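Okay, thanks everyone. I'll walk you through some helix packing today, and then a couple of other things I'd like you to look at on the screen.

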Amino acid sequence: MSSGSKYTSRTFILEVLTALLGILFLVPFYFVLVNSFKPFAELLQNTASLPKSFSLDNYSRVVDIIHFPQVMGNSLMITVLSNVGLVIFASMSAYRFVRKPSKLNNVLFLLFVAAMVIPFQSIMIPLVKVANNLGLMDSRLGLVVCYFGFGVSLNVFLFHGFIKSIPKEIEESATVDGCGWFSIFWRIVFPLLKPIAVTVILLNSLWIWNDYLLPSLVLTNTKLHTIPLATYAFFGQYTKQWDLAMAALTLGVLPIIVFFLLLQKHIIEGITAGSVKG
């Protein structure tokens, strides 16, 4: 193959390596999905083989044991409310930081960026104390408020870079027509934020839906448990019900995978558009 052709041997090697890397990342999904159809005895014999017969017994038992519709509703409610609040608060804050670049706003933005590097484990004990004092413990709304605090830093950072790429002339024209800053943001700026808003929602959803540590600290009532908390019930101190756990993991991860696959193209669009002037 000549060096001047578009499809070179280097391109072929990169494609092969990419395919192998993709298969490597899919291996855990294979083990979870395949073993979710096996009875416990067959699973212990060979975890890598296909099931002798595809049965939905594990799934039906999991739905009854963890009350899947209930925990699914809890996860969905927490994820949706957290996303709505984070998108609203972060977009309005980022807009203020970009369009009103005062010393105070610059310092506040630097604090938001600095907060991104603070590990959750270092503040989880003070968080529990503060949440308890504010009456946020054992409440889905309290958990949502906690997610506001931990997610707003990254969200503000992403919105900040995207808003910089929006021409000021659009807003100036609206000002001439008599629009106030509130109308300018919600009628003109916010609709233009759709690419980065979808990106933020996807990233937040992947994090919040699969989060275990923060809900385990805030939610003690089993009726308020999310899918990760309910799934942990199959991992006891002395026994582990791997057959039911695999089925529960499949049920829990399937909705977020479908959601991600449907909207994944917006992640690259949003981040690259925001990086033009970010």
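Let's start with helix H3, residues 57–65, and helix H13, residues 242–263: these two pack at an angle of about 80°, and their axes are 9 Å apart. That angle makes H3 roughly perpendicular to H13. If you want to click on the contact, H3 brings Asn 58, Tyr 59, Arg 61, Val 62, Val 63 and Ile 65. From H13 you get Asp 243, Leu 244, Ala 247, Ala 248, Thr 250 and Leu 251. And keep in mind throughout that this is a predicted model.

Next pair. Helix H7 covers residues 140–163 and helix H10 covers residues 194–210, and here the packing angle is about 155°, with the axes 10 Å apart. So H7 is roughly antiparallel to H10. The crossing of H7 past H10 is right-handed. On the H7 side, the contact residues include Tyr 147, Phe 150, Phe 159 and Phe 162. H10 answers with a set that includes Pro 195, Val 200, Leu 203 and Trp 207. There's an asparagine from each helix in that contact too, Asn 155 of H7 and Asn 204 of H10.

Now H8 and helix H9, the latter being residues 181–192. They pack at about 160°, axes 10 Å apart, which means H8 is roughly antiparallel to H9. This is also a right-handed crossing. H8 puts in Ile 170, Glu 171, Ala 174 and Thr 175, while H9 puts in Ile 184, Ile 188, Val 189 and Leu 192.

Glu 171 sits in helix H8, residues 168–176, and Arg 99 in helix H4, residues 68–99, so the pair ties together parts that are 72 residues apart in sequence.

Last thing, the surface. There's a nonpolar patch with about 1,200 Å² of accessible area together, and its members include Tyr 7, Phe 12, Leu 17, Leu 21, Phe 25 and Val 27. Of those, Leu 17 has its place in helix H1, residues 9–35.

How values were computed:
Residues are numbered from 1 along each chain as its sequence is written. This is a predicted model: local features need pLDDT of at least 70, side-chain atom pairs count only at pLDDT 80 or more; totals for chains, interfaces and linings use all residues. Side-chain values use heavy atoms; hydrogens and water are left out. Patches are made of residues with over 30% relative accessible area and no salt bridge: like charges are joined within 9 Å, nonpolar side chains (Val, Leu, Ile, Met, Phe, Trp, Tyr) within 5 Å. Accessible areas come from the Shrake-Rupley method with a 1.4 Å probe; for residues, only the protein chains shown count as cover. A salt bridge is a side-chain nitrogen of Lys or Arg within 4 Å of a carboxyl oxygen of Asp or Glu. Helices (H or I, at least four residues) and strands (E, at least two) are DSSP runs, numbered from the N terminus. Axes are lines fitted to C-alpha atoms, for helices over the stretch in contact, and angles run from 0 to 180 degrees between N-to-C directions. Angles under 35 degrees count as roughly parallel, over 145 as roughly antiparallel, 65 to 115 as roughly perpendicular and the rest as oblique. A crossing is left-handed if the near helix is turned anticlockwise from the far one by less than a right angle, and right-handed if clockwise. Contact means heavy atoms within 4.5 Å.
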